[in-house]
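Sequence and coordinates come first.

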Amino acid sequence: MTPASAYPVPPKPDTVYYFGTCLVDLFYPDAGLAGMDLLRREGLKVVFPQNQTCCGQPARNTGMYEEARAVARTQFKAFPNPWPIIVPSGSCAGMMRMHYPDLFAGEPDQAEAEAFASRVYELTWFLVHVLDIQLKDKGEPLTVTWHGSCHSVREMGVTDEPKELLRRLSNVTLVENPREKECCGFGGTFAVRMPEVSGAMVTDKVVSIEGTGAAQMVTGDCGCLMNISGAMGKSGSPVKARHIAEFLKERTHG
Amino acid sequence: MADTAAASTFVERAHKVLGNTKLRGNFRRAMDGLMAKRAAQFADIAAWKSLRARGAAAKRRVLARLPELLEQLEANCTANGITVHWAETTHEANSIVLKILQDHDARTIVKGKSMVSEEMHLNAFLQKHGIEAIESDLGEYIIQLAGEAPSHIVMPCIHKNKGEIAELFTRHIDGQPYTEDVAELTDAARRVLRSRFAAADAGLSGVNFAVAETGTLVLVENEGNGRLSTTLPPLHIAVMGIEKLAEKLEDIPPLLSLLTRSATGQGITTYVNMITSPRKAGEKDGPQEVHLVLLDNGRSRVYADDQLRDTLRCIRCGACMNHCPVYARVGGHTYNAVYPGPIGKILTPQLDGIAVAGDLPHACTLCNACVEICPVNIPIADIMVRLRREAVHPSDSPAVMGAGCKHTATEAAVWAGWKKMYASPALYRMGARMMQRFGNMMPGGMPLLKEWTSVRTRPVFAKKTLHELAKEQGYSDV
Amino acid sequence: MSEDARARILSRLRAAPPAAAPDRPDWQPPRFGDQRMARFRTMLESWRAEVHDTTAAAWPDTLAGILATKLAGKNSRTVVYAPGTATGKTLADAWAGREDAPALVPYTEPVESFKSVLVQQADAGVTGTVAGIAETGTLVLWPGADEPRLMSLLPPVHVAVVAASSVRDSMAEVVAEQGWKDRMPTNVVLVSGPSKTADIEQTLAFGVHGPKELVVLVVTDA
């Protein structure tokens, strides 16, 4: 399978860094840990720097570039070795891979930012293209649908990779959502700046997910996950929402 | 957060639409159809990429050489017999149009679709001076009857369904029975507008591309009203923004292909009307005079900034609004701007200033759906973020009026605090522990959480952070 | 006022930081090979044009037959034509003295005195074309002193005669091959189907301002 994204597939490394993201850290640590476990199971040494914090996206997207840069620099320090940096979020990966170079244009540490950016990979992309992970499904038959985050799809070029992983699970049936690529309405501060518009978007998203008939919705970004599962919870939806790392680990762990 | 005054207006307008299920249905249905039609046109991804690269390069070339191309256009138009006028402001442009019309004793004009004339608020201006401007594009005609503004730059009455239009026609057209039959409604408009065309003293149109190389005005349309407006009356006035150029005639085929396929999913519009001169000796029809009004209205200011300049590549296809998940929910009028949707969210604050339109760049999730389909590859999301920045933290670029006007001490302090915590691993870990312990006890009515929980359950802080779990599970720190 | 505005606009643009003009990247318009005529026809029909294959000798007869049905019941059965063009001459010669053919009215006066015929009376207008475009199902009209602009626009039926030999794959090909950049006339019109609108609920309706019907006669020499 050819990667949809523009950047080259690196050789399989011995060691990778893991950037958990702040949202995963506080709200979905089990999903974060599952991603690390999958990588370790493939024979990699996984390093989780305790000094990592946040990619800086909230500040950058609000126009607070200095604040975003200061926080980004903390990550440069926390990830000093030239290993790939694996991120269980297309959005945070997009911030670091696609936006750090612009954010640091003309700054003294521009080269460092660019070098850092070029090491960043979204988890499912890495599992498919670099590790070609084989998944032995130990779970009961299940129907799921996929939600691709906007930044995962349109910044990181990760479109089919997560669905490819789901298809590798023999007992899992993937039902495509015709509105899969439509934004769920999270948008970081957008959700609280324009709550009603955001609410309309996530409500429609839930309707489209329920329309697939899937028992579970799987996604690769915890912003979307928090938004969609929150709306599902509030409306009493029977569909269960999961992060893909946790889902894959659970299905293959026995 | 900040800019509550401005943001509340978008939010308030959005509130009205969100509660109107009929209107939301109209938009959603229309946008779904337009997206599907566009996708079918560009099913061959390699061909799309190559065409888009060609179109984007053509428009980037125009911007790189804009002043000399404007002079070339003027020279060629003048040589062809078209009179060229320059206007710095919309008021100046209105005055130029009025003067031309008064010189010809014109009392009524028929208009083809023109967003620049909307930008000028030309109809109201002419009305004040005793000149009637009749919109002849069916969609524009409908909203003129309704006394409304367009809600979409390509399909101006997309917010109306046929029942509403049937009522309007019955009320405004003599002898028109109530019918929701679209063919019959269309025939009624044809009858009314035919006689207006025949009697009009002048025609006014926009311009999709003006070709500098030949001095040709290229106009696309499906109805024929544009051709009528520019052929039947004795006088034709075209208005255009100074950026809507093409360098060479050879740029027109790829640009047209991008424009019509992106806009409505059509391989081409019914008519592509290329006007190079007024009626020549021996010709039987066509206007005796053609005037071209070049409008700046802030564009040359935007041009001064090499990032924001990309906004001026826009060919006004409207595909960004068709693909915008916010636009699909709130409709065009919520933006309270001539240009709605993503392009409007970046263009309006640049033309009108941050103080007026600073809330628009925040009406966006940065989902990049518009960036993905923009036929000339405008980095809309990056410009959106840049304008958010200009609102609170002005750069030294003179391009943005009102830069910095949304800066507040409170927001600055919030972000300073945020930086302090996230730039310090030790503080962050301490903060995270506090959140685990007390975060779930936050009162539900507190700001942000209250908005969040309006349609969602509250997020639950985990008992242990990933930092802690990683350590417990033996994951190395270095 | 205008002169000052011009100077100020241009001086602001010139004061802006310069940017390099990128090269035009390679882009090839589509090619249809031996499918060209089939594509031309399919696309025209997709726009709801009526396409008839005929020959240089037979097309006026073909047209008389088509219009006999189409204009049946119309009061005037009037067809506007351009007597100064080859198309117009062929038509007038072929229909001369034919009882069953509609009445031909030449468009030779300025529109100011001919408007009522065009707006109220004419049932159809017959024009030539300078090319056809297969990619988009498009006719290229090049009006001029002999063939005025409005005859393809105001009557409810537009009949266009297109030589099969003039059909090309793409607009880009026609523009380059015919050397348009050095000889743009007052007006060039590309026509792809009858006048239409989808402004009301995306529902197609025809003839909102221009012709309700487009009849295309594809003429071969044989």
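## Domains of chain A

Chain A is divided into domain 1 (15-129) and domain 2 (142-253). These bounds come from an automatic or database domain assignment. The C-alpha centres of the two domains lie 22 Å apart. Across the boundary, 29 residues of domain 1 are in contact with 24 residues of domain 2. Contact here means that the C-beta atoms of two residues, placed from the backbone, lie within 7 Å.

On the domain 1 side, the elements that give two or more residues are α1 (22-27), α2 (29-41), α3 (57-62), α5 (90-103) and α7 (123-129) of chain A. Helices (H or I, at least four residues) and strands (E, at least two) are DSSP runs, numbered from the N terminus. By class, that side has 15 nonpolar, 10 polar and four charged residues. Ala, Val, Leu, Ile, Met, Phe, Trp, Tyr, Cys and Pro count as nonpolar; Asp, Glu, Lys and Arg count as charged; the others, Gly among them, count as polar.

## Basis of the model

The model is predicted: local features need pLDDT of at least 70, side-chain atom pairs count only at pLDDT 80 or more, and totals for chains, interfaces and linings use all residues. Residues are numbered from 1 along each chain as its sequence is written, while chains are lettered from A and ligands numbered from 1 in the order in which they are written.

## A parallel sheet in chain A

Four strands of chain A form an open sheet in the order β6-β5-β7-β8, and the pairing is parallel. Two strands pair if DSSP finds at least two bridges between them. The edge strands are β6 (172-174) and β8 (240-243), each pairing on one side only. Neighbouring strands are turned by 35° against each other on average, direction ignored. Axes are lines fitted to C-alpha atoms, for helices over the stretch in contact, and angles run from 0 to 180 degrees between N-to-C directions.

Strand β5 (residues 142-147) of chain A is joined to β6(A) by three bridges. A:Thr143 stands opposite A:Thr173 in β6(A). Helix α12 (residues 222-235) of chain A lies across β5, β7 (216-219) and β8 of chain A, and runs at about 170° to β8(A).

## A covered strand in chain B

How many residues of strand β7 (residues 235-241) of chain B are buried? Seven of its seven residues are. A residue is buried if 20 or more other C-beta atoms lie within 10 Å of its own, exposed if 12 or fewer, and partly exposed in between; C-beta atoms are placed from the backbone. In a regular strand the side chains alternate between the two faces of the sheet. Both faces of β7(B) are covered. One side carries B:Leu235, B:Ile237, B:Val239 and B:Gly241. The other carries B:His236, B:Ala238 and B:Met240.

β7(B) pairs with strand β4 (residues 202-205) of chain B in the parallel sense over three bridges. There, B:His236 is the bridge partner of B:Gly203. β7(B) also pairs in the parallel sense with strand β10 (residues 289-295) of chain B, over seven bridges. B:Ala238 stands opposite B:Leu292 in β10(B).

## Helix packing in chain B

Helix α20 (residues 409-422) and helix α21 (residues 425-438) of chain B pack at an angle of about 105°, with their axes 6 Å apart. That angle makes α20(B) roughly perpendicular to α21(B), because angles of 65 to 115 degrees count as roughly perpendicular, under 35 as roughly parallel, over 145 as roughly antiparallel and the rest as oblique. B:Lys420, B:Met421 and B:Tyr422 in α20(B) meet B:Leu427, B:Tyr428 and B:Gly431 in α21(B). This contact has four nonpolar, one polar and one charged residues.

The axes of helix α2 (residues 21-41) and helix α12 (residues 252-264) of chain B come within 6 Å and cross at roughly 145°. B:Leu34, B:Lys37, B:Arg38 and B:Gln41 in α2(B) meet B:Arg261, B:Ser262 and B:Thr264 in α12(B). By class, this contact has one nonpolar, three polar and three charged residues.

## Contacts between chains

Of the two pairs of chains in contact, chains B and C share the most contacts. Here 78 residues of chain B are in contact with 65 residues of chain C. Helix α3 (residues 45-64) of chain B gives the largest share of the chain B side, 10 residues. Strand β9 (residues 271-275) of chain B and strand β9 (residues 187-191) of chain C run antiparallel, joined by five bridges. C:Asn187 is the bridge partner of B:Ile275.

Chain A and chain C do not touch; their nearest C-alpha atoms are 17 Å apart.
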